[in-house]
Amino acid sequence: EAITETYLPLLQMLEQQWAEGIPPTLTLTLTPTLCSMLRDPLLQERYLAYLDRATALAGLEIGRTEHAPPIRELARFYQRRFIRSRELFDQRWGRNLVAAFRALQDRGAIEIITCAATHGFLPLMEPYPEAIRAQIGIACDDYVECFGRPPQGIWLPECGYIQGLEAILAEMNLRWFVIDAHGLIFGSPRPRHAIYAPCYTPAGPAAFARDRDSSRQVWSAEEGYPGDPAYRDFYRDIGFDLSEHQLPGFVTPGLPRRFSGIKYHRITGRGAPHKEVYHREWALEAAERHARHFVASRAAQVEEIAAHASLPPIIVSPYDAELFGHWWFEGPEFLDQVIRRTAEQTTFTLTTPSRYLAAHPTQQILSPAASSWGHKGYWEVWLDESNAWIYPHLHAAARRMIALATHYAAIPEPPPPLVERALRQLARELLLAQSSDWAFLIKTGGARDYASRRTRDHLLRFQRLYGQVKECCIDEKFLANAEWRDNLFANLNWRYYAQRPLPTP
């Protein structure tokens, strides 16, 4: 769904704008795990199978809705969309979307940045800086493999920041990162330009602060644009509306229903029991109207700030990429209109943090405050009574990984091939267990059992393999199965976990 509704539309939009001479100038985070999935032949094959099922289902819907012309036209719209998605994915981009995004960066259309290797929440790894170093170092290595150059910036998972983190970022030659507004506002000393200019940290990397007003205007379901009645309703899907025999290939008896990607209704109104039929033309008109409003609001904001600032202000507006297209179906059209209308006015321009620093290299130095963009601004989403049980196990695994890596890194000769494989797989299992998504899903209850099981499974495989390495009795069959099951980061460098002095500011 995300490939069809977010990544393909974004690529189409960026390439079209570049062809027309409109510089997009966006910063896009492509996380290591996302790149790993997009490059995986298994996912690529499954995606094509998904498109084939969806195209066939849309064909059945065209027949089923023969006597409901507005619905039938939407079914045709979806069928054309699925067919076009297959052409783009399989033929135009050769199933390699990572390479397509890389080409855009190589042209200068966008800047791609990285994230921690498996989106681990770094502040809760503070007792084990080697684990933080591994999350960042492995991510940077993977970025070079995907994009042929080192990254300049990083999206800290959940904007999670603690003091000292910047020293590890500097060690990996990262030049900047983003934190939430209060992380900069409560920094020491206080920032002279509030959140409208970056500040260098004592170790070097610059901290950019998220602007909440522009974020809320787009993201908020209550106050933001996506709640407009004209937009497509995300939750109303024929995968839940139709009977099993009407959904061949999308319903498995005995298993929960799932989204098909075919949705016929618009939001209509908050709490409305009856949903009206979606009108694509109305939705596109709303997207254009909201884009005009967003650009005008940013122009007014820039003018107000610039009147009191000694240097050009920067407004950092980060969003989850899947907001555009997946959650908010018309999001790519909104984004396209924002970029086009920004190019037509002269009050402000689009830029990236790297370009801003190049143009304005002299900035204040301060130490940001511990912060995140989670509820109440700190850690409670990822550490509360519902999910606290995972951290003693994660910390124990980190201690063991650090001890093993330190031991084998100190030996002049490389370890035997089987031990080398085992060390890499130990790191993979630990990295995957550390993903912040598990704690988040346990906290919110959205998929508590699944998230708990994933955490336990990775840790159990880690513990079993750790015991085998310690006892010098590695079960190659078990190791091979673990490598097949959790196969990301083929060239993972486990030596990042080895203890060595941390850089000082």
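This is a predicted model: local features need pLDDT of at least 70, side-chain atom pairs count only at pLDDT 80 or more; totals for chains, interfaces and linings use all residues.
Visitor: In what order do the strands of the open sheet stand?

Guide: Strands (E, at least two residues) and helices (H or I, at least four) are DSSP runs numbered from the N terminus. Two strands pair if DSSP finds at least two bridges between them. Here an open sheet of 6 strands runs in the order β1-β2-β3-β4-β6-β5, and its pairing is mixed.

Visitor: Which strands stand at the edges?

Guide: The edge strands are β1 (26-29) and β5 (199-200); each has a single partner strand, so one side of each is left without a neighbour in the sheet. Helix α6 (residues 129-147) packs on the sheet and touches β2 (110-115) and β3 (153-155), where touching means heavy atoms within 4.5 Å. The direction of α6 makes about 145° with that of β2; such angles run from 0 to 180 degrees between N-to-C directions, and axes are lines fitted to C-alpha atoms, for helices over the stretch in contact.

Visitor: How many bridges join β4 to β6?

Guide: Strand β4 (residues 176-179) and strand β6 (residues 206-209) run parallel and are joined by 4 bridges. Trp176 has Ala206 of β6 as its bridge partner. β3 and β4 pair in the parallel sense over 2 bridges, and the partner of Gly153 in β4 is Trp176. By contrast, β5 and β6 pair in the antiparallel sense over 2 bridges, with Tyr200 partnered by Ala206 in β6. The hairpin of β5 and β6 has 5 residues between the strands, and Gly204 takes a positive phi near 130° in this hairpin.

Visitor: Are the side chains of β4 and β6 buried or exposed?

Guide: A residue is buried under 20% relative accessible area, exposed over 50% and partly exposed in between, using a 1.4 Å probe and protein chains only. In β4, Trp176 and Val178 point one way while Phe177 and Ile179 point the other way, and all are buried. Both faces of β6 are likewise covered, with Ala206 and Phe208 buried on one side and Ala207 and Ala209 on the other.

Visitor: Which residues have the most contacts inside the largest nonpolar core?

Guide: A nonpolar core is a set of buried Ala, Val, Leu, Ile, Met, Phe, Trp, Tyr and Cys residues joined through side-chain atoms within 4.5 Å. The largest one has 147 residues, and those with the most contacts inside it are Phe101, Ile136, Phe334 and Tyr497. Leaving aside neighbours within four places in sequence, Phe334 is in contact with residues including Val218, Tyr225, Phe294 and Trp328. A second, separate core of 15 residues includes Trp155, Cys159, Ala197 and Phe208.

Visitor: At what angle do α2 and α3 pack?

Guide: Helix α2 (residues 32-39) and helix α3 (residues 41-64) pack at about 65°, with their axes 5 Å apart. Met37, Leu38 and Arg39 in α2 meet Pro41, Leu43 and Gln44 in α3. Further along, Thr55 lies in helix α3 and is buried, with a relative accessible area of 18%. Apart from its neighbours within four places in sequence, Thr55 is in contact with Gln79, Phe82 and Ile83.

Visitor: Which residues other than glycine have a positive phi?

Guide: Thr25 is one of them, with phi near 50°. Thr25 lies in the loop between α1 (2-19) and β1 and is buried at a relative accessible area of 7%. Phe489 also has a positive phi, of about 55°; Phe489 lies in the segment after α18 (476-485) and counts as buried at 6% relative accessibility.

Visitor: Where is Pro189, and is its peptide bond from Ser188 cis or trans?

Guide: The peptide bond from Ser188 to Pro189 is cis, with omega near -5°. Pro189 has its place in the loop between α8 (181-185) and β5.

Methods: Residues are numbered from 1 along each chain as its sequence is written. Side-chain values use heavy atoms; hydrogens and water are left out.
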